[in-house]
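Hi,

Here is the structure I promised to pass on. Have a look at it first, and then read my notes below.

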Amino acid sequence: MKTISNIAMNTFVKETGGYVAAQLEACTRCGMCADACHFYVATGNPEYAPVWKIDLLKRAYEQRFTLSGKVKLALGVDKPVTDEDIQKFSKIVYEACTMCNKCSMVCPMGLQLGPLIHEVRTSMSNAGVVPDDLMKAVNKQVEEGSPLGVTDDVYDDRIEWVADEWEVDIPVDVKGADTLVVFSSIEVMKFPENIAAIAKILNTAGEKWTLSTAGREVVNFGFYEGSEERTKMFMQRIFDAAKELGVKKIVVTECGHAYDALRWTSYNMMEVPAGIEITHIVGLIGEYVRSGKIKLKAGAFDNGVITFHDACKIQRRGGHIKEPREILKILAPNSFKEMSPSKEQAICCGGGGGVIAIKEADPVRYAAFELKIDQMKAVGADAVVMSCSNCRLQFTDCVQHFNLDVKVKGLSQMVADALEER
Ligand code: SF4
Ligand code: SF4
């Protein structure tokens with residue numbers, strides 16, 4: 001019978017190769033991963049512990065592949081997974097996990113918990129048990145090319161408006177350009193000043209760049225959903241545009257998950273066009289500063305206390321840890337202060353992984369952000385800077401929700417405002 005539990009369990013079984021089995025066998029249930037998870041720490045809810053989030057995967061493996069699991073099931077010591085279990089876990093893995101992967105860093109047995117939880121999302125996606133808000137955004141991206149309704153026409157109008165409003169050249173669909181820049185619809189709709197800022201930086205550095213109308217959306221809601229089919233579909237649009245324009249480089253702007261999908265995950269699931277480098281805007285800006293292609297006014301933001309929020313997918317996963325710090329040490333040499341923990345060990349903002357798109361996740365999302373409030377208070381931050389527009393959306397919303405006296409800033413914007421004329 002095709003129940004959602006059957007479909008989900010069959011996906012687990014299909015995905016459980018030797019590597020996954022070895023990881024599941026290795027777990028000693030020590031619980032160390034729990035203290036790494038902002039959702040667990042903020043709420044104390046044991047169902048938010050990372051090891052619990054993979055429990056269905058573990059049960060599927062034990063019940064289908066191990067003798068002890070089969071015996072326990074036959075004797076009634078363990079119970080078959082039910083549709084209710086699947087519904088309950090769907091809420092846990094979509095609403096209380098940002099796929100930040102901090103838990104993987106602390107597991108003494110080396111379990112890659114983030115990717116394992118992604119497998120759980122994949123099984124939920126196959127079984128059709130994805131939160132409505134998230135699924136609506138996925139369907140919008142399938143049908144309109146963007147989860148926020150940025151159709152071809154909306155995109156063209158918006159880019160033209162940004163170019164006029166900020167008086168900056170923004171090339172679109174230029175064949176033969178070296179670099180394709182792909183923004184997220186969060187930037188297009190919520191932070192258009194980011195587009196102007198990045199355009200100004202690229203123009204000042206002398207980059208031969210272009211946007212693409214067909215490959216205009218870097219956000220990947222298929223990746224949040226855990227659907228391989230839709231993850232690939234959204235990346236394919238960008239790769240096709242890159243091939244059509246003949247570029248040598250794709251630059252992902254301020255979206256961490258999109259960077260993870262395009263820069264790392266794509267190579268494991270599809271054919272990535274050869275000879276095209278994929279990088280993140282913060283890496284490129286760092287390169288411009290190091291090489292002298294752009295020069296920044298030293299001390300341009302040196303007042304109050306400025307701290308930096310590391311995005312899980314850009315800094316922890318993507319490795320762009322040094323560049324923001326090198327830039328902030330130029331812009332705010334006396335004002336820049338690190339939160340603790342930071343860099344690879346940073347605490348997630350609580351809004352990534354599609355969580356901010358799910359209305360029902362609001363209480364847990366706000367609860368998780370309280371850890372960031374504590375961190376910012378500890379350094380006395382007047383401003384917090386970041387390089388991910390999804391984090392920026394979460395910070396902007398939470399600053400308003402908690403009525404905080406902290407300015408939320410985008411790193412690209414600060415760089416653009418501090419550019420020395422060439
Ligand atoms: S830290 Fe690793 S070994 Fe310990 S409970 Fe979590 S997943 Fe299992
Ligand atoms: S990936 Fe992040 S949010 Fe998800 S369980 Fe691990 S620590 Fe928690």
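A quick definition before we start: a residue is buried when its relative accessible area is under 20%, exposed when that is over 50%, and partly exposed in between. Asp397, with a relative accessible area of 24%, is therefore partly exposed. Keep in mind that this is a predicted model.

How many salt bridges does the structure hold? There are 22. As a general point, side chains of opposite charge can pair when their charged atoms come close. Here are two more of these pairs:

- Asp55 and Arg29 meet through their side chains at 3.2 Å, N to O. Asp55 is in helix H5 (residues 55-65), while Arg29 is in the loop between helix H2 (18-26) and helix H3 (38-43), 26 residues away. Asp55 is buried at 8% relative accessibility, and Arg29 is partly exposed at 44%.
- Glu62 and Lys58 also meet in a salt bridge, at 3.2 Å, N to O. They are four residues apart in helix H5, which means about one helical turn separates them. Glu62 is partly exposed, at 23%, and Lys58 is buried, at 13%.

Next, some helix packing. The axes of H11 (residues 152-165) and H13 (residues 192-205) come within 10 Å and cross at roughly 60°. The crossing is right-handed. On the H11 side, Arg158, Ile159, Trp161 and Val162 meet Pro192, Ile195 and Ala196 of H13. Those contact residues divide into six nonpolar, no polar and one charged.

Staying in H13, look for Ile201. Is Ile201 buried or exposed? It counts as buried, because its relative accessibility is 1%. Leaving aside residues up to four places away in sequence, Ile201 touches Ile285, Tyr288, Ile294, Ser412, Val415, Ala416 and Leu419. Ile285 is 84 residues from Ile201 along the chain, yet their C-alpha atoms are separated by 7.9 Å.

Last, the ligand. Of the 13 residues around ligand 1, Cys27, Cys30, Gly31, Cys33 and Cys107 come nearest. That shell is made up of 10 nonpolar residues, two polar and one charged.

Cheers

Terms used:
Residues are numbered from 1 along each chain as its sequence is written. Chains are lettered from A and ligands numbered from 1 in the order in which they are written. This is a predicted model: local features need pLDDT of at least 70, side-chain atom pairs count only at pLDDT 80 or more; totals for chains, interfaces and linings use all residues. Side-chain values use heavy atoms; hydrogens and water are left out. A residue is near a molecule or strand if one of its heavy atoms lies within 4 Å of it. Ala, Val, Leu, Ile, Met, Phe, Trp, Tyr, Cys and Pro count as nonpolar, Asp, Glu, Lys and Arg as charged, and the others, Gly among them, as polar. Axes are lines fitted to C-alpha atoms, for helices over the stretch in contact, and angles run from 0 to 180 degrees between N-to-C directions. Helices (H or I, at least four residues) and strands (E, at least two) are DSSP runs, numbered from the N terminus. A crossing is left-handed if the near helix is turned anticlockwise from the far one by less than a right angle, and right-handed if clockwise. Contact means heavy atoms within 4.5 Å. Buried means under 20% relative accessible area, exposed over 50%, partly exposed in between (1.4 Å probe, protein chains only). A salt bridge is a side-chain nitrogen of Lys or Arg within 4 Å of a carboxyl oxygen of Asp or Glu.
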